[in-house]
2 protein chains.
Amino acid sequence: MEFLKAVTVQQALELILSTPPTPEMEMTGLDEASGRVVAEDILAAEAIPGFSRSLVDGYAVVAKDTQGARETSPAFLKLSGEVRIGDVARVHAAEGSCVLVSTGSMVPEGADGVVMQEYVRALEGEVEVTRPVYKGENIIYTGEDVGKGSVVIARGKRIGPFDLGVLAAIGAARIKVFSRPRVALLSSGDEIVPVEERPPFGKVRDINRHTVAALLRASGADVTFTGLVRDTIEDITEKLTASGEYDLILVSGGSSKGERDHVTDVIEKLGGEIMLHGINVKPGKPTIFGRIFGKPIFGLPGHPVSCAMVTVRFVLPLLRRLTGEALRPPMTSAGTLTTNIPSSYGFEEYVRVKISGEGGRYLVTPIFAKSSVISSLSEAEGYIVIPEGMEGLEKDELVEVHRFE
Amino acid sequence: MEFLKAVTVQQALELILSTPPTPEMEMTGLDEASGRVVAEDILAAEAIPGFSRSLVDGYAVVAKDTQGARETSPAFLKLSGEVRIGDVARVHAAEGSCVLVSTGSMVPEGADGVVMQEYVRALEGEVEVTRPVYKGENIIYTGEDVGKGSVVIARGKRIGPFDLGVLAAIGAARIKVFSRPRVALLSSGDEIVPVEERPPFGKVRDINRHTVAALLRASGADVTFTGLVRDTIEDITEKLTASGEYDLILVSGGSSKGERDHVTDVIEKLGGEIMLHGINVKPGKPTIFGRIFGKPIFGLPGHPVSCAMVTVRFVLPLLRRLTGEALRPPMTSAGTLTTNIPSSYGFEEYVRVKISGEGGRYLVTPIFAKSSVISSLSEAEGYIVIPEGMEGLEKDELVEVHRFE
């Protein structure tokens, strides 16, 4: 009987992330670009804004003309014209004069400030300015948002809504992004039936296929379910071989003794390599990582909670690497534990939690449930990590919460 | 000249959220269900698991037979058979005997504990157990995950990866979800050109269309761009009328004086109602909300940052209501300000920030930029809110950070 030789979390991540990322590239339009990863630095071919614009409705002036202006002693300025929004400014703002502008209008030459309409009394061909403006007030100058030739979005950034705004501003209607990594997902085990079937007594429906696929898709993968695998050398060989074209192969299940042996045996028989067999985490210890057909492969534990947590902690970091996304620290919140949590020394433990409270200050309550209880994950709003060198956490401790979704 | 009559944030949200949500429903399969909102409580038609299962590889036993067992004084048990994974247990675990099981195997009748294989020495037809198990150890009992008839996912929940796992477990291959709200998005302003065009001098590309659409889609909307609107009564009337079939209408831009008047005039001319004109927020004051053709309509400010922040703070809460999603508190983190931030009394201010640090404890640095500088949003990782009754925040204050994305 072979027992698992487990590695630490750090050793596991080093092995897993030693996979060289070789993402391909493709062009995409802005409407499809959200969530994609930029494949090369995007430079602004032009300055934004392309001309100095007024930020308010009012009057473009020579700022020093308004010096000392106040309600009881306004500055009188001759109205020399108007710049309508979208038009080229054809008037000049000379000293002693002003030009009517709207929000977004081009600021006429000579003007270096815009008085808001609220601080102006319009008379016949003339205006009274009742408040001074400083040089540059209410103007956004040419190139103040984006300088011509500057990098607006760096390679490796995942595009969010506001990045789309910048891309639109500079006219980058089509951009080069990394292709989504293609992931083959298999479910192994003689006891597994597809969700549409009513499982005969003794069998269960395939849960991991759905949770793992959704986690991967949310992180930018193109996931294909390549099959339910029976627990025979022949079926595992056939289905793994058929998945050889993908960038990453995941086999969930195979958590029973025989299956574990079969999956590792087949990987080696097909010329692959087992790089680790077991990680010191709870839940999720019976995890396999290796290479086959030159591609990374995970054997994920069968228990749904273990499978999901290993996906979150070990598969997603590799997936992000394969998407070409630059590394960034995880987004977490701090919260106060409502109860003690025991933990096993030597294991990094993941504890599902519920979160209550608001305003950046939260109460964190662990959900204690067995690692096969999927409803405990559905109820959880996040999880906390207990490092391997600790034997637990205490009530009222401040802990770091990783949010789900 | 008509000045804006502004309302407070609270008044604005009350008006906006008074819109009755009447989402339609549709059926969806599990592979398309991620991010959709559940339209009716989902009940478990069967218990999960449907039979008591072993959580480990080992031997199913009568727990009290192992009482006091230890390395030097093991309990001897007769091996009476095996339950293979996926099979129905046909053997019985009588006192003094044990049954070989795998992770996920059905626990045979009579057994009330499973000894892990690591604590057993297998002999010929017999095993030595070297550690006691307690009653129920390493077993998940019928219905322990999900009780038959229990609500597994409540109406109004947005489906995440782990919810899919629960749905798969109970065999809910198709579920009833709320239809995505259909949103009509228009961009108004004579100065606006589509992103594909090179703007003539004095004009600018349409930024808001892209940022607003992406923000709405990420929150579950089905967004249709229904047109660039010229600043004439006729064009506004035509394009608004053509958008009357949608669940929500958004007109971005119209931030110049004339356009603002035109949009509000047309809404009223078409029998609609302006419910607010101006909100005491910075940026984003020149916001319009009303009803037209019985549907809610927003006039969003033209400055890209103002438009984005009003979308985040006022449009998305209404959109979530229209998706049928149950209200939930925002997810935020706490962080320490690295510098003072001045603010205007009487306005709720939104300050874009960069976040550094890890581990739930962050440093928060404001990005000071004019409200038309879209690159400042692209760089921001989140924003903080300065309430209307404050005149600013001080360095080293603990603040609540709302994360973008």
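I will go through the domains of chain A, its contact with chain B, one helix pair in that contact, and a sheet in chain B. Please keep in mind that this is a predicted model.

Let me start with chain A by itself. The domain assignment divides chain A into domain 1 (9-23 + 180-323), domain 2 (25-45 + 144-178), domain 3 (53-140) and domain 4 (332-403). Between the centres of domain 1 and domain 3 of chain A, taken over C-alpha atoms, there are 66 Å.

Now the two chains together. On chain A, 82 residues are in contact with chain B, and on chain B, 82 residues are in contact with chain A. Which elements of chain A supply at least two residues each to the side that touches chain B? They are α2 (161-169), β15 (204-205), α3 (208-218), α6 (304-323), β22 (332-337), α7 (375-379) and β28 (398-403). The largest share is that of α2(A), with eight residues. By class, this side of chain A has 37 nonpolar, 24 polar and 21 charged residues.

Next, one helix pair from the two chains. The axis of α3(A) comes within 7 Å of the axis of α2 (residues 161-169) of chain B, and the two cross at roughly 160°. Angles over 145 degrees count as roughly antiparallel, so that is what α3(A) and α2(B) are to each other. Their crossing is right-handed. From α3(A) come His210(A), Thr211(A), Ala214(A), Leu215(A) and Ala218(A); in α2(B) they meet Pro161(B), Phe162(B), Leu164(B), Gly165(B) and Ala168(B). How do the residues of this contact divide by class? Seven are nonpolar, three are polar and none is charged.

Last, the sheet in chain B. This is an open sheet of six strands, in the order β7-β4-β6-β5-β9-β8, and its pairing is mixed. As background, strands of a sheet pair through backbone hydrogen bonds, either parallel or antiparallel.

Notes: Residues numbered from 1 in each chain as written. Chains lettered and ligands numbered in written order. Predicted model: local features only at pLDDT ≥ 70, side-chain atom pairs only at ≥ 80, totals over all residues. Contact = placed C-beta atoms within 7 Å. Helix = DSSP H or I, 4+ residues; strand = E, 2+ residues; numbered from the N terminus. Nonpolar A, V, L, I, M, F, W, Y, C, P; charged D, E, K, R; others polar. Pairing = 2+ DSSP bridges. Domains from an automatic or database assignment. Axes fitted to C-alpha atoms, helices over the stretch in contact; angles between N-to-C directions. Parallel < 35°, antiparallel > 145°, perpendicular 65-115°, else oblique. Left-handed = near helix turned anticlockwise from the far one by under 90°.
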